[in-house]
Amino acid sequence: MSDEAGTWPDDSSRVLYVQCSAGVAGDMLLGALVDAGADRTAIMETLGGLDLDGYAVTFERVQRGGVAATWANVVVDEHEHDHDHDHDHGHDHGHPHRPAAEIRRLLDKSDLPTAVTATAQRIFASLAEAEGAVHGVDPDDVEFHEVGSVDAIVDVVGVAAALHSLGVERIVGGPIATGRGTIRAAHGARPNPPPPVARLLAAR
């Protein structure tokens with residue numbers, strides 16, 4: 001979702017610049033977009049059209065490092081099973097496994113604005129392509145772990161709704177600082193950044 005180096009939209013475009021030096025989580029970006037002027041009522045109304053249950057979203061004013069900010073808090077009922085499969089998947093700390101194709105269908109059948117659906121679909125498609133390349137499977141067959149959880153889906157659709165509310169046409173990302181060492185994920189210990197993230201960074 002970022003522009004290639006050396007490109008810049010014309011003056012008529014509304015541009016969002018994201019400072020990526022410390023990384024950003026979905027709920028952090030959603031809160032920042034509300035701080036930037038996104039209509040939280042419109043965001044909540046859009047999320048109401050999402051074909052998911054078992055979650056709640058609140059926006060709270062907080063201070064982080066002495067700086068005022070908005071915290072977008074997505075609370076999930078871990079006992080809520082909002083998806084149905086003919087086969088069983090394990091659950092890791094409340095994160096169900098969802099195939100990328102299932103998330104695509106969920107977005108298509110939800111009652112979301114066309115622009116919000118398109119943005120969310122592009123985000124999950126990019127994630128599926130990176131995961132598929134790493135695992136050697138078709139993107140539709142990718143099993144999302146953390147990214148397939150309810151809170152992650154709500155984060156992505158919420159951010160898409162916020163971008164739609166602000167009328168953002170282009171997103172420009174600053175340099176991204178990568179981590180080091182290892183992290184724990186659904187597949188066990190992985191280098192930081194993990195291979196799918198490294199592929200996304202290489203494609204920037």
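This is a predicted model: local features need pLDDT of at least 70, side-chain atom pairs count only at pLDDT 80 or more; totals for chains, interfaces and linings use all residues.
Q: Why is Thr46 called buried?
A: Buried means under 20% relative accessible area, exposed over 50%, and partly exposed in between (1.4 Å probe, protein chains only). Thr46 has 12% relative accessibility, so Thr46 counts as buried. Thr46 sits in helix 2 (residues 40-47). Beyond its neighbours within four places in sequence, Thr46 is in contact (heavy atoms within 4.5 Å) with Leu112, Pro113, Val116 and Ala161.

Q: What makes Pro139 partly exposed?
A: Its relative accessibility is 30%, and therefore Pro139 counts as partly exposed. Pro139 belongs to the loop between helix 4 (114-135) and strand 7 (143-144). Neighbours within four places in sequence aside, Pro139 is in contact with Ala100, Ala128 and Glu129.

Q: How do you know that the buried residues of helix 1 lie on the same side?
A: The buried residues of helix 1 are Leu30, Gly31, Leu33 and Val34. They cover an arc of only 160° around the axis, so they are on the same side of helix 1. The arc is that of the directions from the helix axis to the C-beta atoms. What covers these residues includes strand 1, helix 2, strand 2, strand 3 and helix 5 (150-166).

Q: What makes the contact between Arg61 and Asp35 a salt bridge?
A: A salt bridge is a side-chain nitrogen of Lys or Arg within 4 Å of a carboxyl oxygen of Asp or Glu. The closest N and O atoms of Arg61 and Asp35 are 2.5 Å apart, so the pair qualifies. Arg61 counts as exposed because its relative accessibility is 54%, whereas Asp35, at 40%, is partly exposed.

Q: How many salt bridges does the structure hold?
A: The structure holds three. One of them joins Asp51 and Lys109, with the closest N and O atoms 3.3 Å apart. Asp51 is in the loop between helix 2 and strand 2 and Lys109 in helix 3 (residues 100-109), so this pair ties together parts 58 residues apart in sequence. Another joins the side chains of Asp140 and Arg104 at 2.6 Å, N to O. Asp140 is in the loop between helix 4 and strand 7, and Arg104 is in helix 3, 36 residues apart.

Q: Why are Asp140 and Arg104 called partly exposed?
A: Asp140 counts as partly exposed because its relative accessibility is 33%, and Arg104 is partly exposed because its relative accessible area is 31%.

Q: Why is Lys109 called exposed?
A: The relative accessible area of Lys109 is 59%, so Lys109 is exposed.

Notes:
Residues are numbered from 1 along each chain as its sequence is written. Side-chain values use heavy atoms; hydrogens and water are left out. Helices (H or I, at least four residues) and strands (E, at least two) are DSSP runs, numbered from the N terminus.
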